[in-house]
Amino acid sequence: MAGLLHARVKGGEHNGGMKNVRVGLINTGTEILLGSIVNTNAAWLGNRLFEAGFRVERETVVPDGYAISEAMRESARRADVVIVSGGLGPTSDDVTREALCDVCGVDMHRDEHVAEGLRNYFKRRGISIAECNFKQAMVPDGAAVLENPNGTAPGLVMPASERLPMFILLPGPPSELKPMVERSVMPLLESMVDGDIPRLRVFRLVGIGESDLQDLVDDSLHQVQGLEVAYCARIGEVDVRLVGNEVALKQGEARLLTLAGAYVLRPLGATLERAVVLYLKGLGLKAATAESCTGGLIAKRITDVPGSSGVFEFGWVTYADRAKTEMLGVPAEVLEEHGAVSEPVVKAMAEGALERSGADVAVAVSGFAGPDGGTPEKPAGTVWFAWAFRNGGTVTEMMFYPRDRESFRQMVSQKALIGMLAARKPQAVTE
């Protein structure tokens, strides 16, 4: 393995003279193509490699069996490094090693060090080792072994030749693949590049749409030499991805924060819920929620964040009118006159939650998630928000999200959390 650390890849030129190492991903498994499992390895690998400045040029999924050989040959024509996950087990359809030998024109040999490791692995667990497990000790000639302390199938690295790229073979289970990538693969890849490589920095923005954001910052960001800019919109937020060397990244970050800093979540790259928790914790504030149409989603998102108990103690799901009255003190006559999806009701919900919880900020939502329900005046997708602040009154807003039920709930929870970032630390009272 040590000798591989001195290998070099002739990567393509990247903006600003940086080396762009082209990576191809191949995932094996009939169960992926059948939809029986989700291909989380590809998503994780793509993100992890991009964070380190390496580009995944193409991702290929093939069924178990010998289709892997064709996929390897195709990837070899356009990549400097080909990473293959899966197909290294002991069964008859695990043929990734054989495919590598076929592509590289080499034979396999039994590595006795790996075989002994397999014996010890099963012995420690009090299990008899089946003869088929020793298939995992077969190593293509010229390949190096990557140890796998979390499973039985070792990884393999075949160095690049004049006609072929480097091949890295990894086990399929994420619990084995991820530690192997962090411990062995990333140091190897980073050692292969001479000079500067592009790095990734992600900024998450809320409260602004993708088109408006692009109009605001795009021209300025593209003036930075060697900086790549990309946008990724999700429900209620937009990620701005900047790729470049450190000089370009610093210039791009400065321009983005100057033009759109009010929309950028802090700490950089944080999720909205984590940003809310850290913001409230930094001010020493407590929060409460009163939910109808979201069914507890706002509270869930907050409590998904480690340490959220420091800011969140109370949450109500008051789906029925009776619950709004009995639990939050919403007057029955207000509900009867205005209906549950109305400004007076959601305002009373937020103020009731604030009073009963003793919190510093409380958010309430009430709406028609659809697809049924609503009225001609308040169709499905209508939702009222209220944020009650102990030191600043109550703010209300009506929005219309004519989406499917799941997307509606996500949009509502997003808007509710954004509004909590308006909380302010109470001013000291002086005599």
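**Close-up views of a predicted model**

**View 1. Helix 8 and its buried face.** In helix 8, the residues Ala248, Leu249, Gly252, Leu256 and Ala260 are buried (buried: under 20% relative accessible area; exposed: over 50%; partly exposed: in between; 1.4 Å probe, protein chains only). Seen down the axis of helix 8, these buried residues fall within an arc of 95 degrees, so they line one face of the helix; the arc is that of the directions from the helix axis to the C-beta atoms. An α-helix has 3.6 residues a turn, so residues three or four places apart point the same way. Val247, Lys250 and Thr258 are exposed on the face of helix 8 turned away from its buried side. The cover over the buried residues includes strand 11 (199–206), helix 7 (210–221) and strand 13 (237–244). Helices (H or I, at least four residues) and strands (E, at least two) are DSSP runs, numbered from the N terminus.

The structure is a predicted model, in which local features need pLDDT of at least 70 and side-chain atom pairs count only at pLDDT 80 or more, whereas totals for chains, interfaces and linings use all residues. Residues are numbered from 1 along each chain as its sequence is written, and side-chain values use heavy atoms, with hydrogens and water left out.

**View 2. The largest nonpolar core.** This core has 32 residues, and Leu280, Phe385, Val412 and Met420 have the most contacts inside it. A nonpolar core is a set of buried Ala, Val, Leu, Ile, Met, Phe, Trp, Tyr and Cys residues joined through side-chain atoms within 4.5 Å. At least two residues of this core come from each of helix 9 (272–283), helix 10 (297–303), strand 16 (361–367), strand 17 (382–389) and helix 14 (405–420). Helix 14 gives the most, with 6 residues. Beyond residues up to four places away in sequence, Phe385 touches residues including Val346, Ala364, Val395, Tyr401, Val412 and Ala416 (contact: heavy atoms within 4.5 Å).

**View 3. Ser85 in strand 5.** Ser85 lies in strand 5 (residues 81–85) and, at 3% relative accessibility, counts as buried. Its side chain makes a polar contact with the side chain of Asn27 (2.8 Å). A polar contact is a pair of N or O atoms within 3.5 Å; within protein, one must be able to donate a hydrogen and the other to accept it, and residues adjacent in sequence count only if both atoms are side-chain atoms. Leaving aside neighbours within four places in sequence, Ser85 is also in contact with residues including Ile26, Thr28, Asn41 and Leu170.
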